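Please find below a short note on the structure shown here. The points are arranged for a reader who is new to this kind of description.

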Amino acid sequence: MISQRLFGLMTLSLMLLMPAAAKAEPVVGQPAPAFSAAAAEGGTLSLAALRGKTVILEWTNADCPFVQKHYQSGNIPNLQKQAQSQNIVWLQIISSAPGKQGFVDAATAKKLNQERNATPANTLFDPDGAVGKLYGATNTPQLFIIDPNGVLLYKGGIDSIASADQADIATAENYISSALKELAAGKPISKAVTKPYGCTVKYAG
């Protein structure tokens with residue numbers, strides 16, 4: 001009798017845990033998690049509104065040395081321009097909570113992009129971390145590529161050398177540049193899952 005009761009409790013616990021686990025990590029080849037967030041250019045922007053276009057999500061934090069490496073060197077601005085030339089929508093996402101490193105308002109975000117010659121299609125704000133946690137975003141920079149049908153094509157890091165040294169960019173394998181070239185050629189992304197590196201996303205709590 002006790003064992004049956006225990007089994008029932010264990011089954012209930014697993015049922016309660018399963019939905020959370022299912023949402024914890026988006027899967028390449030499956031629909032990307034839907035979201036809506038406040039945008040630097042005003043109003044809100046949803047992933048659903050971009051259906052029909054390839055979308056790149058870039059988790060960012062302007063105060064993170066790893067992010068600074070890729071902006072100050074021109075690496076991310078160049079990738080943004082490459083994406084733009086392919087009619088791909090590049091979105092920055094800031095999941096830094098108020099009072100945490102990297103938290104900025106819309107005016108500051110736009111000013112930073114202007115100073116860094118960055119040209120994302122928009123910057124989205126996720127101060128409560130809901131979107132970041134939906135995607136399992138752990139680092140800045142970290143990137144996700146979503147196809148026109150809303151299917152996740154890529155998740156992971158920007159390149160293969162986990163350092164904050166700009167000198168390493170030249171010898172690193174640039175995963176995003178390679179992915180963009182493969183997409184332009186109508187090919188599947190050969191390395192669809194890679195390990196992100198950088199600063200931890202500065203969630204609340």
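**Note on the predicted model**

1. Serine 177 is located in helix α6, which covers residues 175–184. The model under discussion is a predicted one.

2. The relative accessible area of serine 177 is 14%. Because buried means under 20% relative accessible area, serine 177 is classed as buried. Leaving aside residues up to four places away in sequence, serine 177 touches Leu79 and Gln82.

3. The protein chain as a whole contains 6 helices and 9 strands. Of its 205 residues, 46% are buried. The accessible surface of the protein chain comes to about 10,400 Å², and carbon and sulfur atoms contribute 59% of that surface.

4. Contacts in the protein chain may also be described by separation in sequence. Among contacts with a separation of 6 or more, 75% are between residues 24 or more positions apart.

5. How many disulfides does a search of the whole structure find? The search finds 1 disulfide, which joins cysteine 64 to cysteine 199 with an S to S distance of 2.2 Å. This pair links distant parts of the chain, 135 residues apart. Cysteine 64 lies in the loop between β3 (55–59) and α2 (65–72), while cysteine 199 belongs to strand β9 (residues 199–200).

6. Are cysteine 64 and cysteine 199 buried or exposed? Both cysteine 64 and cysteine 199 are buried. The torsion about their S-S bond is about 95 degrees, and the disulfide is therefore right-handed.

Methods: Residues are numbered from 1 along each chain as its sequence is written. This is a predicted model: local features need pLDDT of at least 70, side-chain atom pairs count only at pLDDT 80 or more; totals for chains, interfaces and linings use all residues. Side-chain values use heavy atoms; hydrogens and water are left out. Helices (H or I, at least four residues) and strands (E, at least two) are DSSP runs, numbered from the N terminus. Buried means under 20% relative accessible area, exposed over 50%, partly exposed in between (1.4 Å probe, protein chains only). Contact means heavy atoms within 4.5 Å. Accessible areas come from the Shrake-Rupley method with a 1.4 Å probe; for residues, only the protein chains shown count as cover. A disulfide is a pair of cysteine sulfur atoms within 2.5 Å.
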